[in-house]
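Good morning, colleagues. Please look at the sequence and the structure as I bring them up.

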Amino acid sequence: MKLIFSGGGTGGHIYPAITLIESIKERNPQAQILYVGTSRGLEADIVPKENIPFKTIDIEGFSRHLTVKNIVVFGKAVAGMIKARTILKEYKPDAVIGTGGYVSGPILLAASFMNIPTLIQDQNAIPGITNKILSKFVNKIACGYESACSHFPSQKTVLTGNPVRKDVLMSSRSEALSSIGLDNTRKTVLITGGSRGARRINEAMTDVYEQFLNDTAVQFLHITGTNEYQKVLDSIKAKGIDLGRADNIFVKPYLYDMPKALAAADMAVARAGAIGLAEITACGIPSILIPYPYAAENHQEFNARALVEKGAAVMILNSELTGKRLARELTELLASENKVQKMALASKTMGHPGAAGEIADMILELIYNKG
């Protein structure tokens, strides 16, 4: 069995593909995988490190406005389709799977025209332009959010939830707290803005720490992002806080074992990327969400609203975020055990821990039906 996966630009498109590849390999260890991306996207760095064969297509996203650059981009799109057909003819895949980003466009379209089974996995509450176009051609669509399903042809769309890494579901709270070095008698609040960090969240949290310094009921595990780490340390120091003596504030630039951080968390303060939210809900964590306002088509705000509407999260818009506002929301939640438990249950209800396996089975079914 041969499969091509394509998705790129951000980790939110790449990591779901890697998770699906792992699920396919569990079902068929002999499956051969080829990943198609661009040489400029994060996939060019991440995918080869996973020991997955990698090929590139030179393509860019179109500007939303009429510009001269779009003529060049159109030329690259045509060349990308030709390159995609060449890859498909040489590799002869049994199916092609796209997980988002403009790079998936040419290879999925070419595969559809060549009658090769195709599937797209859309992560967000509101689909992106590429997947909206591809939905007219592919055989199956796996949606991460119920609200996204209405944007696709109903006869080939399935609500599966987003793929979640297996290790996210395997860590116990007590083991995670011990591994990270946290106090098991305190509530744990996880703060994360993703691998690159979120400056606005980091700045707001330095104000929050003034209020909660050495609080015996709560502790904070703050993942700043590597580039933001020193700025956060300097800001905390400027507040007169000595982290060496603060026994409930743990600041780290990056945490390689995020599954343990999620297992340890009683609450999260985070952006609203689709995969991050998939992991938060799979673990049943109540959250305060601050959507990144510059995400394509403002999809993070739609993602966050989906959780808010179900009672699983509180949302603060990036433009409205201040240290005082965040401290107030945290104080209210930490003081209301009943509300937090209801949010945790709502979060867990929204989670789809078996999504990766369900989508992998959909892919295999496409191949077997074709056969």
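Let me begin with a definition: a residue is called buried under 20% relative accessible area, exposed over 50%, and partly exposed in between. Please also bear in mind that this is a predicted model.

Tyr294, with a relative accessible area of 67%, is exposed. How are the rings of Tyr292 and Tyr294 arranged? Their centres are 5.6 Å apart and their planes stand at 80°, so the pair is edge-to-face. The cut-off behind that word is an angle over 60 degrees between the planes.

Let us now widen the view. How many aromatic pairs does a search of the whole structure find? The search finds six. One of the aromatic pairs joins Phe113 and Phe137, again edge-to-face, with 5.7 Å from centre to centre and 90° between the planes. This pair links distant parts of the chain, as its two residues are 24 residues apart. Phe113 belongs to helix H4, residues 104-113, whereas Phe137 lies in the loop between helix H5 (129-134) and strand E6 (140-143). As for accessibility, Phe113 is exposed at 54%, and Phe137 is partly exposed at 37%.

Two further places deserve a mention. Tyr209, Phe212 and Phe220 together make up one aromatic cluster. Finally, a charged residue meets a ring: Lys2 lies over the face of Tyr91, at 5.0 Å from the ring centre.

Thank you for your attention.

Notes: Residues are numbered from 1 along each chain as its sequence is written. This is a predicted model: local features need pLDDT of at least 70, side-chain atom pairs count only at pLDDT 80 or more; totals for chains, interfaces and linings use all residues. Side-chain values use heavy atoms; hydrogens and water are left out. Rings of Phe, Tyr and Trp (its six-membered ring) pair if their centres lie within 6.5 Å; planes under 30 degrees apart count as stacked, over 60 as edge-to-face and the rest as tilted. Helices (H or I, at least four residues) and strands (E, at least two) are DSSP runs, numbered from the N terminus. Buried means under 20% relative accessible area, exposed over 50%, partly exposed in between (1.4 Å probe, protein chains only). A charge sits over a ring if NZ of Lys or CZ of Arg is within 6 Å of the ring centre and within 35 degrees of the ring normal.
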